[in-house]
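Subject: Structure handover

Hi,

Here is the structure for your files. My notes on what turned up in it follow below.

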Amino acid sequence: MMSEIPYIAVVALIGIGLYIVMFKRNLIKLAMGITLIETGANLFLITLAYRSGDRLSAPVMTSQIMGGGAPAYSLPTPHALTLTSIVIGVATTALLLAFFMQLYKKFKVSSVDEMRRLRG
Amino acid sequence: MSFYDDLIANAPALIVAIPLLFAFATPLVSKINKGLRNVWAFLAVLLSGALMYVLAWEIFKDGGDLASVYVFGGDNAEVFNVLENVRITFYVDGMAAFMGLIMATVAFGAIIYSFSFVKKYSGQDKYYTLLLLMLAANFGMVFTGDLFNLFVWFEVSSVAICGLIAFRTNRGESFEGAAKYLIYSTIAGLLLLFAIGLLYGEYGHLNIKYLSSAIGAGGSMLMIDRIALGILVTVFALKAGAVPMHMATPDGYSEAPAPITAMMVTASQAGLYAMFRSTFTLYGGNIQNAVEQLDLLHAAGYLLVILGVLSMFVGVTLALVQKDIKRLMAYHAISQTGYMLLGVGVGLAVYAQGGNNDFAEFGRTAMAGGIFHIFNHALYKGLLFLTAGAIIYKAGTRDLNKMGGLGRDMKMTALFFIIGALAIAGVPPANGFASKFLIYESVFRFNPVIGAVAMLVSLLTLASFVKVFYSAFMGPKNPDMKVGEVPKTMLIGMAVLAGMILVFSFLPSLVLSEIVDPAVTALAGPGPAIDFNLTLFSGQGGWNALVFLVVFIVMFILGYLLRLVLGNKGTTPKNEGAKPYLFGNPTEIGGVPIVVSGSNVYWGFIRALKRYYRPMEKMHSGLINEYVFWFMGTIGLVMLALMVLI
């Protein structure tokens with residue numbers, strides 16, 4: 001049960017993030033929603049890394065007792081993936097916020113309802 | 001090992017590394033000299049493009065079943081066969097090399113065109129930096145041998161593209177288009193990462209080759225496999241711009257500078273590539289073993305067909321009502337993507353059917369048609385976006401109603417436009433017809449109704465390009481417009497693509513046998529050998545462009561003789577032909593003539609279909625929330641179809 005809590009958190013984070021992006025109209029909230037989805041995806045990767053058993057497909061880093069007494073270990077690959085993904089996330093969030101800032105400067109747009117010059 | 005062998009062995013890494021390195025050095029070079037910066041950026045595209053051509057030559061030279069594997073941090077692939085699974089690899093087979101060739105060609109035309117096109121803007125350093133970054137991301141996305149780097153290149157491509165969409169900072173709309181495109185592609189990218197996490201958690205590897213041997217090895221498909229496939233297919237369909245996840249695509253395409261739009265076409269096609277990779281290679285690697293896997297792929301094939309038909313039809317009908325020239329062309333890009341999805345989807349559906357000869361009879365031809373269409377589409381759509389850029393450059397407006405008479409001054413641009421328009425509409429003997437011919441004939445065997453829809457869409461495509469030609473190039477000269485032809489480098493950029501269209505219009509079988517067939521082989525395994533022949537065979541019939549050329553020349557001479565005999569009377573306002581034809585309605589009411597604006601020549605057709613167009617207008621509301629909702633709804637439906645219905 002304890003080991004499933006991270007997965008529940010992943011689902012909650014991605015779900016809340018998607019809800020915000022689909023139903024909230026404020027642009028800053030939109031950016032927050034995207035960041036939440038990103039956090040959920042990153043947490044998912046990190047959770048995948050920590051496991052027990054003998055599936056030694058990559059070098060083992062830690063040795064701690066987890067669950068049923070089998071040695072637990074942490075795969076390095078998901079950590080590398082998460083780091084990369086965080087860096088990418090920073091870039092996209094910064095770019096998105098920059099666009100929102102410029103939109104506010106140009107048209108005083110702060111809501112999705114006003115950001116619909118391009119349509120049809 | 002000679003220098004040439006070394007070069008070939010390291011080419012996959014170099015093709016990506018050169019634009020990356022040059023991209024980050026561009027701002028520095030720009031500090032020295034602005035002219036040097038242009039040469040520098042051109043050199044990057046030229047070098048990596050030339051290497052791409054050399055590598056493709058090596059891969060395609062002996063029938064095309066070779067693949068170039070580059071293992072980062074390893075001496076060579078054979079020695080580290082086991083470790084290859086945990087390393088970062090580039091895997092360039094027939095399909096990847098095919099995509100790489102297209103990207104290199106379009107980028108070459110686009111960068112030459114850029115020199116004059118962006119001259120009047122500030123921030124050109126960033127423009128060239130991002131252009132090269134986008135090129136590197138495009139190459140990386142098709143070369144990568146592991147799923148995680150697919151995600152990385154996907155995101156690099158999105159960031160570079162969005163930066164370029166917002167390049168014209170004086171237009172507020174460009175920020176809006178960029179923001180929408182970025183929100184869409186970021187959410188897609190994160191869901192892609194989630195799907196990759198699912199596969200990694202199950203199989204403990206990211207290498208596509210390893211995963212393809214592991215998925216379905218137990219004889220059944222796990223729920224995780226189905227969910228992951230659903231996400232992968234939908235996300236890549238979004239990147240490719242398939243309906244109903246297309247809404248941000250026209251915004252991005254129409255706001256980006258024209259050469260970037262031409263390159264964005266190839267970036268979208270990288271999404272298509274990733275979709276075909278994930279269905280054929282990732283999930284189809286073990287295809288002989290499991291019945292469940294066949295069913296899953298069969299269903300995925302039908303999904304691609306549905307997405308394809310929707311994209312074709314919705315794209316072209318919406319293009320018909322546009323009055324912004326670039327937005328119109330962007331909807332056509334969506335519509336043409338439908339053809340590729342349709343062709344390869346039919347291929348996948350019958351490939352995974354098993355137990356009959358459908359794949360050999362028409363499935364392979366459909367796939368070849370779809371993949372061939374990728375090649376043709378990149379050339380003619382790239383050319384059309386460049387001509388649209390030239391029109392906007394000279395006319396100063398993107399509104400079809402405000403422009404007119406440009407053909408009098410821009411003769412070359414008009415010629416290039418005609419070449420591109422004939423190709424996109426699939427009018428023989430242009431190259432677009434060759435690939436559409438393969439699609440029509442094979443899809444007709446699959447389902448006659450879909451084959452008929454594909455032809456109808458071509459007709460509507462022609463109709464809307466007639467509209468553009470009519471409102472932009474024909475008519476009296478507008479005194480407000482700047483006169484004269486566009487600068488030389490823009491013409492050269494367009495001529496590169498137009499020349500390739502002309503050459504391959506008359507040698508479609510050369511492309512089919514030399515590069516398309518190896519690409520199909522890379523996805524679906526070897527088939528019967530296709531030899532070079534001047535006539536293109538679809539299995540049902542043949543098509544020879546040269547015959548049509550002769551017919552056209554004869555007709556032209558006849559028409560010219562007729563003109564000599566009858567004399568050139570021209571059209572005067574007195575002639576009956578000079579009056580507007582309004583579907584039989586009166587042309588004036590109470591002495592006031594009715595004027596139909598250039599963008600609205602099909603008003604009768606559109607009014608008759610208002611029951612269709614009203615909900616379409618509501619669907620494209622401009623609200624990014626609703627767009628994301630459509631995306632989520634599609635993912636949900638696709639997953640439902642893959643999990644429950646089969």
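Two residues count as in contact if their C-beta atoms, placed from the backbone, lie within 7 Å. On that basis, the contact between the two chains takes 37 residues from chain A and 38 residues from chain B. On the side of chain B that touches chain A, α5 (147–165), α6 (172–203) and α22 (624–643) each supply at least two residues. α6(B) gives the most, with 17 residues. By class, this side of chain B has 21 nonpolar, 12 polar and 5 charged residues. Ala, Val, Leu, Ile, Met, Phe, Trp, Tyr, Cys and Pro count as nonpolar, Asp, Glu, Lys and Arg as charged, and the others, Gly among them, as polar.

Before you go further: this is a predicted model, where local features need pLDDT of at least 70, side-chain atom pairs count only at pLDDT 80 or more, and totals for chains, interfaces and linings use all residues. Residues are numbered from 1 along each chain as its sequence is written, while chains are lettered from A and ligands numbered from 1 in the order in which they are written.

Chain A next. It has 3 helices and 3 strands (DSSP runs: H or I of at least four residues for helices, E of at least two for strands, numbered from the N terminus). Along the sequence the pattern is α-α-β-β-β-α. Of the 120 residues in chain A, 34% are buried (20 or more other C-beta atoms within 10 Å of the residue's own, C-beta atoms being placed from the backbone).

Helices α1 (residues 5–23) and α2 (residues 27–49) of chain A have axes that come within 8 Å and cross at roughly 160°. Therefore α1(A) is roughly antiparallel to α2(A) (over 145 degrees). Their contact divides into 18 nonpolar, 5 polar and 1 charged residues.

Now chain B. Helices α3 (residues 94–117) and α13 (residues 358–395) of chain B pack at about 10°, with their axes 10 Å apart. So α3(B) is roughly parallel to α13(B) (under 35 degrees). Among the residues that meet are I102(B), V106(B) and G109(B) in α3(B), and I374(B), F375(B) and A378(B) in α13(B). This contact has 9 nonpolar, 3 polar and no charged residues.

Last, I501(B). Leaving aside neighbours within four places in sequence, I501(B) is in contact with L379(B), Y380(B), L383(B), I419(B), A423(B), A430(B) and N431(B).

Best wishes

Conventions. Buried ≥ 20, exposed ≤ 12 C-beta atoms within 10 Å, placed from the backbone. Axes fitted to C-alpha atoms, helices over the stretch in contact; angles between N-to-C directions. Parallel < 35°, antiparallel > 145°, perpendicular 65-115°, else oblique.
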